[in-house]
Amino acid sequence: MDQAVAPLLDADGFLYVFGYGSLIWKPGFPHAAMLPALLRGFHRRFCIWSVHHRGTPERPGLVLGLDRGGACRGVVFRVEAAAAPGVLAYLDAREMIGGVYERRMVTARLLPDGAPKRALTFVAVRSLDSYCQALAPEVAAATIAAGVGLSGANRDYLLNTVAELRSLGVRDAGLDRIAALLPAG
């Protein structure tokens with residue numbers, strides 16, 4: 001067992017990764033299962049200025065982060081312990097660009113029964129310039145409509161997230177409102 005991975009595993013021997021945004025529709029790593037889950041103490045919000053994946057330094061986009069307070073419905077990915085080192089390396093390369101997130105262990109509750117799982121997730125770092133205070137939905141929609149980065153259009157990021165959440169039976173009123181304000185495209 002990899003000594004760096006062992007402390008991240010749940011008591012059942014699996015690594016769980018809580019996804020709340022693009023990981024839901026584009027995980028990019030091997031997993032044994034994707035299960036609906038609830039995380040308390042954090043909520044999903046467009047709170048990260050993106051100058052890489054969904055924007056540029058000249059025209060930043062916005063990406064989702066977990067911000068403190070509230071609750072967030074998403075998914076947990078169950079990863080075999082043997083695959084965990086590769087998954088962690090992949091997630092660090094994907095999520096830790098610019099240090100806008102911090103890796104954090106949380107307790108996610110599987111739905112519908114509420115079984116707790118120790119899960120790794122990525123939380124917004126509020127002390128950085130990349131952290132975005134709350135924007136009016138109209139401002140967020142205009143920013144997202146204009147954002148394009150190395151991973152594509154910011155609007156696709158939002159619309160793919162909304163669509164995948166709906167397919168899971170999750171409605172996120174904040175995301176729905178921003179999506180409704182996007183100009184036709």
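The points below cover a helix pair, some aromatic rings and one glycine.

1. Before anything else, please keep in mind that this is a predicted model. The values I quote are computed from that predicted model.

2. Let me begin with helix α3 (residues 137–146) and helix α5 (residues 173–181). Their axes come within 8 Å and cross at roughly 60°. Angles from 65 to 115 degrees would count as roughly perpendicular, so α3 is oblique to α5. The crossing of α3 past α5 is right-handed.

3. Which residues make up that contact? On the α3 side they are Pro137, Glu138, Ala140, Ala141 and Ile144, and they meet Arg177, Ile178 and Leu181 of α5. Sorted by class, the α3 contact with α5 holds 6 nonpolar and 2 charged residues, with no polar ones.

4. Now to the rings: searching the whole structure gives 6 aromatic pairs. In one of them, Trp25 and Tyr157, the ring centres are 6.4 Å apart and the planes stand at 70°; planes over 60 degrees apart count as edge-to-face, so this pair is edge-to-face. Trp25 belongs to helix α1 (residues 22–25) and Tyr157 to helix α4 (residues 154–167), so the pair links distant parts of the chain, 132 residues apart.

5. The cut-off for buried is under 20%. Ring pairs also bring in Phe46, linking Trp25, Phe46 and Tyr157 into a cluster.

6. A further pair is Phe29 with Tyr90. Here the centres are 6.3 Å apart and the planes are at 50°, so the pair is tilted. This pair, too, links distant parts of the chain: Phe29 is in the loop between α1 and β2, Tyr90 is in helix α2 (residues 84–95), and they are 61 residues apart. Phe29 is buried, with a relative accessible area of 6%, whereas Tyr90 is partly exposed at 30%.

7. Finally, have a look at Gly149, which sits in strand β6 (residues 148–149). What does Gly149 touch, leaving aside residues up to four places away in sequence? The list is His52, His53, Arg54 and Gly55. For His52, the C-alpha atom is separated from that of Gly149 by 5.6 Å, although the two residues are 97 residues apart along the chain.

Definitions and conventions
Residues are numbered from 1 along each chain as its sequence is written. This is a predicted model: local features need pLDDT of at least 70, side-chain atom pairs count only at pLDDT 80 or more; totals for chains, interfaces and linings use all residues. Side-chain values use heavy atoms; hydrogens and water are left out. Axes are lines fitted to C-alpha atoms, for helices over the stretch in contact, and angles run from 0 to 180 degrees between N-to-C directions. Helices (H or I, at least four residues) and strands (E, at least two) are DSSP runs, numbered from the N terminus. Angles under 35 degrees count as roughly parallel, over 145 as roughly antiparallel, 65 to 115 as roughly perpendicular and the rest as oblique. A crossing is left-handed if the near helix is turned anticlockwise from the far one by less than a right angle, and right-handed if clockwise. Contact means heavy atoms within 4.5 Å. Ala, Val, Leu, Ile, Met, Phe, Trp, Tyr, Cys and Pro count as nonpolar, Asp, Glu, Lys and Arg as charged, and the others, Gly among them, as polar. Rings of Phe, Tyr and Trp (its six-membered ring) pair if their centres lie within 6.5 Å; planes under 30 degrees apart count as stacked, over 60 as edge-to-face and the rest as tilted. Buried means under 20% relative accessible area, exposed over 50%, partly exposed in between (1.4 Å probe, protein chains only).
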